[in-house]
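Student: I am new to this structure. Please take me through one part closely: its pockets and what lines them.

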Amino acid sequence: MGQGRQETVATSLAGAVSEKISASLAPVDAELDRRYPGDPGTRQPVHTVYVPGDVFDGGTIRSWGDQALAALDEHAPDAASFAACLGLSDDLAEPVYARVRAKLEGEPVEDLRVDFEDGYGPRPDAEEDEAAARAARLIARAYAEGAAAPYMGIRMKCMEAAVRDRGIRTLDVFLTGLADAGGLPDGLVLTLPKVTYPEQVTAMVRLLEAFEEARGLTPGRLGFEIQIETSQSILAADGTAAVARMIQAAEGRATGLHYGTFDYSACLGVSAAHQASDHPAADHAKAVMQVAAAGTGVRVSDGSTNVLPVGPTAQVHDAWRLHYGLTRRALARAYYQGWDMHPGHLPTRYAAVFAFYREGFVQAAERLSRYAARAGGDVMDEPATAKALSGYLLRGLDCGALDPAEVDEATGLTRPALEAFASPRRGDLTVAAQ
């Protein structure tokens with residue numbers, strides 16, 4: 001065929017066929033949009049720190065950072081000793097260590113939950129009322145003074161009959177205190193523990209609706225995390241995946257699924273010595289959570305280790321290696337958030353996260369840059385891979401593992417362009433590549 005000659009295209013179907021099919025699928029289109037809106041595109045913290053309601057005070061975040069720095073000073077005072085403990089490569093040792101120290105000095109905690117459940121236990125009503133009101137006052141002050149973690153909130157008691165009224169009252173006291181102190185902060189997070197039935201999630205929705213109505217808030221303003229700590233939350237009595245039904249029962253308010261390592265393991269009869277986030281029972285539960293949450297905008301968080309980095313240096317190093325390994329294992333499985341139970345866990349949390357993003361940075365940036373430029377390479381990437389690559393870089397930026405300047409230089413893409421690749425429903429990939 002000569003140049004300039006236009007190809008003749010023939011079809012057999014009338015336009016009405018496509019219109020009829022589209023009309024028949026309109027309900028499905030709407031259902032997909034409702035149930036699977038995709039990732040919200042907001043920052044996901046790399047961890048959650050739980051602090052009992054009677055222990056939390058205005059200096060908690062800075063205290064955790066200072067204790068973590070003191071642990072480094074005592075047990076790994078330089079990059080070489082820290083790298084030797086964790087097995088970091090020579091090229092990562094200095095940048096990871098420097099970034100860990102900077103993180104502990106500037107933003108030691110990314111997500112803090114004041115705990116009124118297992119970490120707090122049963123208390124006289126007046127005492128818990130006072131602690132909940134104090135938590136609201138301190139968190140409001142922290143946000144007003146710029147000293148808050150990016151995300152903060154409380155874990156209330158669950159919806160089981162024995163503690164339901166107490167949990168509802170604590171939530172009411174806390175939210176009322178925040179509202180009276182100037183309004184609910186953008187980083188507010190609420191956690192509902194020990195969920196067994198979807199109806200308990202629905203009850204939480206109704207509770208938050210009632211608070212929004214009472215305070216004149218925008219409907220849907222309050223979301224919450226669902227803590228997965230029982231076998232019934234994974235597999236219901238009828239054989240269905242209960243966690244998927246819980247996400248739907250949240251009516252768009254669920255923000256996360258948090259795996260409770262020890263409650264869930266104990267529920268299955270796993271002996272105390274083997275209760276860990278890498279136990280096969282834990283892997284199964286988190287895999288079900290991950291599949292149920294995929295595409296819904298609900299994020300999955302791994303659990304924790306109860307092996308604390310305390311004592312002599314050899315013992316601290318053993319605990320650090322364990323925590324570092326578990327965190328790296330979780331990241332490879334796309335669990336980008338976990339729990340930290342002790343200030344001594346912060347150095348290895350950030351070391352694992354920073355190493356994960358820095359060691360893959362060059363390859364990810366090159367692949368995304370080639371994809372955006374429609375250039376060839378030794379890997380054939382698709383839009384879904386571009387989404388994963390940009391999401392990887394954005395998470396690295398959010399936590400401080402990567403710097404904006406180095407990402408811009410390596411990819412040739414601005415942050416809005418990265419976000420368009422990571423959440424294509426919010427932007428056109430063709431535009432993002434320009």
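Tutor: Start with helix H14. This is a predicted model. In it, H14 gives the largest share of the lining of the largest pocket, ten residues. H14 spans 383-399.

H14 has partners here. Helix H10 (280-293), strand S7 (299-301), helix H13 (361-372) and helix H16 (415-422) also give two or more residues each to the lining of the largest pocket. By residue type, that lining holds 17 nonpolar, twelve polar and eleven charged residues.

Now turn to the second largest pocket. Its volume is about 810 Å³, and 36 residues line it. Nearest its centre are Pro40, Arg253, Ala254, Thr255 and Gly297.

Which elements give two or more residues to this second lining? Helices H1 (15-35) and H8 (242-249) do, along with strands S4 (188-192), S5 (224-228) and S6 (254-259). Strand S6 provides the largest share, four residues. The lining of the second largest pocket divides into 13 nonpolar, 13 polar and ten charged residues.

To recap, look to H14 for the largest share of the lining in the largest pocket. Look to S6 for the largest share in the second largest pocket.

Notes:
Residues are numbered from 1 along each chain as its sequence is written. This is a predicted model: local features need pLDDT of at least 70, side-chain atom pairs count only at pLDDT 80 or more; totals for chains, interfaces and linings use all residues. Side-chain values use heavy atoms; hydrogens and water are left out. Ala, Val, Leu, Ile, Met, Phe, Trp, Tyr, Cys and Pro count as nonpolar, Asp, Glu, Lys and Arg as charged, and the others, Gly among them, as polar. On a 1 Å grid over the protein atoms alone, a cavity is a set of points where a 1.4 Å probe fits but cannot get out, and a pocket is an open set with protein on both sides within 12 Å along at least five of seven lines; lining residues have an atom within 4 Å of a point. Grid points are joined across faces, edges and corners, and a volume is the space filled by probe spheres set on the points.
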